[in-house]
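Hi,

Here is the structure for your files. My notes on it follow below.

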Amino acid sequence: MRWAGVFTILSAAVSVFLACEPPALTPNGVVGVFGDVGLGPGSFSYPRAIAAEPNGSVFVIDKNGRIQRFDENGLFETFWRMPQTEQGKPVGLSIHPDGRIFVADTHYHRVTIFDRSGTLLDSFGREGTGDGEFLLPTDVAFDASGVIYVSEYQGNDRITKWSPDLQFIEAIGDGEIDGSRLRRPAAIEIDAEGTLWIADACNHRIVRLSLDGELLTTFGHFGTGPGELRYPYDLSISPDQTIMVCEYEGNRLQWFSKDGRSLRRWGRGGRRPGELFAPWGATYGPKGRVYIVDSLNSRIQIVRP
Amino acid sequence: MSIVAIAFPLDFQQPVWLWLCLLIPVLILATLRSLSGLDPVRRVLAVTLRCTLVLLLACCLAGIERVRRNDDLTVIFLMDRSYSVESLQAFQEEFVRESTRNIRADDRVGLIDFARHAYLQQMPMRGGYYLPPGRLPQMQNTDRTDVAAAVRLAMAMFPHDTAKRIVLMSDGNDNIGDLITEARRARADGIPIDVVPLQYRHRNEVYFERMIAPTYAEPGEQVPIRMVINSQQRASARLAIYHNGKLHNISPEDSRVDLEPGSNTFYIKLPIETAGTQTYEAVLTVDDDSMDTVAMNNTARAFSFVAGASPVLIVTSDRSRDVVLFDALRSERVVVEMKTPDQLGAFTLLQMMNYSSIILSNVAAATFTDRQQEELAIFVKDMGSGLIMLGGPDSFGAGGWIGSPIEEVMPVTFEIKHKRIIPRGALVLIMHSCEIPRGNFWGKEMAKKSVDTISSKDYLGVLAYTYTPGGENWEVPLDLNTNKAAVKARIDRMQIGDMPDFGRTMQMAYKELTSGRGRDAAQKHVIILSDGDAQAPTQKLLQDYADAKISVSTIAIGWGAHVRSQTLIDIARKTGGRFYAARNPRELPQIFSKESSIVRRPLIVEESFRPQLISASADLLGGLRAGQRGLPELGGMVLTSAKQSPNVLVPIVRATDDGEDPVLAYWQYELGKTVAFTSGYWPEWGKQWMPWPRFAKFWAQVVRWTMRQESPANFDTYTKVEGNRGRIVIDALDKDASYLNDLQLRANLVNPGADAVPIHFVQTGPGHYEAEFPVDKSGQYLANVQIYNEGKHMGTVRTGLSVPFSPEYRDLSPNEALLHNVAEITGGRWLDMAPEKADVFSHDLPPSEAKRPAWAWVLAWLFLPAFLLDVAVRRLANWLAISIAVEIVVLAVLLFGMDIRFGPWWGIAGAIILAELIGWTIRFRYIGPLFDFVTHGATALAHAGERSTASLEQLKSARDRARDDRDEQPLEGLKRIDEKVEPRSERVAKRRFDAGDVSADKPAGDLGDALGGAKSIDPSSKRSSTKNRRAIRRIRAMKAQRLDCFGQGSVHQRIRAMKSRSSEAQRSHFSRQANEQRGTTHGQ
């Protein structure tokens, strides 16, 4: 009976361990996986960007030019298409505090704005290198005062600021930063302190600027070890104000403290749950979960970090 | 098996193996005997498990399959997008949308659209039709309709586990393929094809039915051209006639034609002035546009062959340089023309046929399209014409001709075969994923073309951003391009990824070209193929490239606006390369050929040498004598190697220490003749050749040798297009007008796709020969027929036909008869109605059956656990161990066998709870009484209830009496026991491993008890416990009798009472044995 008791306690512990959400039912803390390869509702053709409402839905855009909306558990809700996709598809998606969806319509060199049901509201920017112009915009962020920040690359490699009424204000980050210009700023985010974080993908580093463009911190270099990065394509500010970086080539997430210390890492290359294949993005979503765009696996993985 | 399949969703591939189940009764009998030492519950369990094992094994051997039956329906819509129904596309989309609006959740919808080719636009999937209006991709090649291909694709795309239906939306004007055959296949597969006829009728239409010209004509003749024009209404129009591409001058009055409804025939005679191929084209313009709906059918074409000496064509990139050859040939009375590539125009095979021989004088491969190169090769080998290639920086291997169809027909290979140290070239391709349809496909195709184009003496490497392993990788490491097939296979396997940055790959290429494998290359070149949206390299890296003299050419691949060209332009400009914006995939081969040939510069030798005439008696040079001082000196040449064929003759060579390089080589290849002259006669290389007195004679002899020999057989030929088939008819008569029978006709047909395919003539009458071939493209079909009589060549017939436009443009109304036929063959419906009434998703089809092999699952998750349980039941010491084993097995089967571990959390929690419940049920022996009940129920049935109990009681009484008698005679008993010492000790040992009643009644102890194993028994404790148990048994027996008398008590109590009674005899027997053992021990 003693062994029966031990076994039961172990079983109960396992069931509690598995039933609780954290390092959940599948390896490495994956709470859920949704999406598969396809063109139908709930399927993806190479998803590339994600954004989540704080307590609502998750939006995913794929290389088919579709924006799909899911509930927090990955249940399909609706979808709509980008107005034009012949030249290419967007790679950036952000949600304004007022609920509007801002899409960095990369290959059309503009930012397109929708409401959460897919109604086209507005767009701004045109192709070019001057003020008010974009070359391949990659991401959008918003500060507390409603100013819109747009990152772009391939020639421009800068962050432009736009007023809430979509008027160009200025460009920042277009000079040398710590010995090198930005090279493909793939994602931007503004933290609670009002500083701008940039995933400087082709320099394999993270750059922190003040909202006026003053350099505050840079960290990271190419590599696979802790604190090293391989094409950081996305970043997100965690609820405890650490920086979560999604490495496209590194096939992992890496959390950094604000002074650049690598706190922990998650994920490895592969096809199974808990493994990533060329992830383009990751974001914090409802209930503190992390939603990862597992691009080449054409799925979204939900992780409780 | 069908009964089994109806009762259970299972089927068997080889049910004969199920006869193994007959072993089960035998097994039961054998097992009951062999397991008699176990208590009844365990015995029943063990027997049951063993029978289960046999049953499962039989199922596995029989190939058990799961059968899934459902009435879910998959409907694949076939949407006709050919030209004839272009205006009905919106109607078709609307039909699909309305038909799929309110369908069952599990029904699936697929969509295939088709014209010449069929494309899958929506995989069969649940959720209806989701493509938004007008979002279907633009359809290419709408000039033909292949409904059969669409039906074939649909049949391949159906899921296997649903009912299937095809809905064909078409006008039925099928002009490729065989729809009826496909319909019969669909019927065989049980797939009905419902037809939605697309209705239209062009009431105002004028079109060319045909244009007829004689196959052969003579110079100076007036060739009669007959034109048949069909009109739906009375109309007037103007005819323009083009002869050899030039507008024939006719008066406005003569060009006006009045058309009556029906066919109208018109004649015109055209004067023939030159020999060669004559082309005719008639263009009809209707005065009133409203009388003509389709414009594409207003043109007709035909051609004739005119006997006479055809000229020779010199294709040169520099007329001033080749005028010396032009003049020399004219001085030798060779009819010759000279053109630059720009003047060639379309330069189709038909135009090539105007010439008996073509000279390519220092013209790069990139000058010609792939198609033109293929037609040039056909011009030689199938049409019996000549081709001469002259040397120069843009000729042979240096001109990018390596691997081209021209290399195949030339007497030399453009590679260097023998050992020779020549400077190498190095080419690195950087492949970037292109965000356009088929972008990566074209990238790979071009990479393979580069592999073909560069020499095996050069280095080739391919860099790409790939995912496995992740990052920038040498997909083809930079190395000599010796094994081209292997390199191309690696390129085919490449999965080109989305490269973030040009810098990394360019850095890798730079490193390998400057300090790695390619450091010794004399010519280093990089080609980047991209849509341009990767990050630009640093300026420093570009400067490094420029300093190292590594040129980088960039090719922006993209057929629309999606090309980010500025970065690519910068890279090319700063490294001395070239930038190309390929807006059309057809441009790519020429670009790659041109770029790849950059590394071939080392094939050019620029040093003076005196060519040696080693075979002056060769037929090409008959009568030519090399002067006393030999042939004039040459100042350079392109290195090649003579082909290893006995047909190849190399009369002039350049002798070196490494061997001989061919200067002049020639051979006959199939029907044609080709010559390679690897040097040149212009001032840089042939300063002494131009003043050479025999210059003109030399070249005239060379050219004349290659010229096509015209030996026409004067047979009547006739060509015709009938539906999808073309027909050539030859009537063979000799000069006495007698029929020539049993001729052998060998012919190759060159279709508009520049494919030369053999056609077979069949004699269908006296001297009457016919051949048929498919006509599925618009353009010229040319046939070169070699005629033999008893193995002797009688001559050549050249013929052909022209298909100016597709029959698609001639369809004025739907072909409803064909569509009705298709619906009738397949049992489909005629849905000439609104979509809501059509009820496309009516569930009136038989349910589908999907079978999946299940033997592996049965083996892993039923057989193996049952086997483990069988061992556990027989071997484990007590119920605690068994309960844990059962728990583990149940948990494993649920989690892994049912794949619950990937299910929701409550699924896993439920599995654990269930396993625990079963485990604890066994542990507390709640399940034990149930087994007892079953066991005793079976016994009671077998012994007719009370009668069996009475018999048992009698037996017990008899045994008690026998025991009492034996106790009274201890001495005899001792003797008997002494004789059985050995067997008894064996039994004791066996019991130590048994899980009999002794251990079952004992409370769980330690792990040794739980997991079984040998354990010594203390005889004293055994004695005392035996006394106690005997007392307990008596009390139980009394209690049971009381219960039986009153017929009261719970089921549990009754079961326990029954158990107590039934095991009484056995336990008494064991206690007697113990007493006997004690007595024996004491006696000893």
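**Notes on the model**

Chain B has 33 helices and 43 strands. Helices (H or I, at least four residues) and strands (E, at least two) are DSSP runs, numbered from the N terminus. This is a predicted model, in which local features need pLDDT of at least 70, side-chain atom pairs count only at pLDDT 80 or more, and totals for chains, interfaces and linings use all residues. Residues are numbered from 1 along each chain as its sequence is written, while chains are lettered from A and ligands numbered from 1 in the order in which they are written.

Of the 1084 residues in chain B, 41% are buried (20 or more other C-beta atoms within 10 Å of a residue's own, with C-beta atoms placed from the backbone).

One helix pair in chain B is worth a look. The axes of α6 (residues 179-188) and α20 (residues 816-826) of chain B come within 8 Å and cross at roughly 20°. Axes are lines fitted to C-alpha atoms over the stretch in contact, and angles run from 0 to 180 degrees between N-to-C directions. α6(B) and α20(B) are therefore roughly parallel (angles under 35 degrees). On α6(B), the contact is made by B:L179, B:I180, B:A183, B:R184, B:A186 and B:R187. On α20(B), B:L818, B:N821, B:V822, B:I825 and B:T826 make it. Contact means C-beta atoms, placed from the backbone, within 7 Å.

Now confidence. Chain A averages a pLDDT (the predictor's confidence in each residue, from 0 to 100) of 88, and 91% of the residues score at least 70. Over residues 16-26 of chain A the pLDDT is below 50. Where pLDDT is low, the predicted coordinates should not be read in detail.

Best wishes

Notes: Parallel < 35°, antiparallel > 145°, perpendicular 65-115°, else oblique. Contact = placed C-beta atoms within 7 Å. Buried ≥ 20, exposed ≤ 12 C-beta atoms within 10 Å, placed from the backbone.
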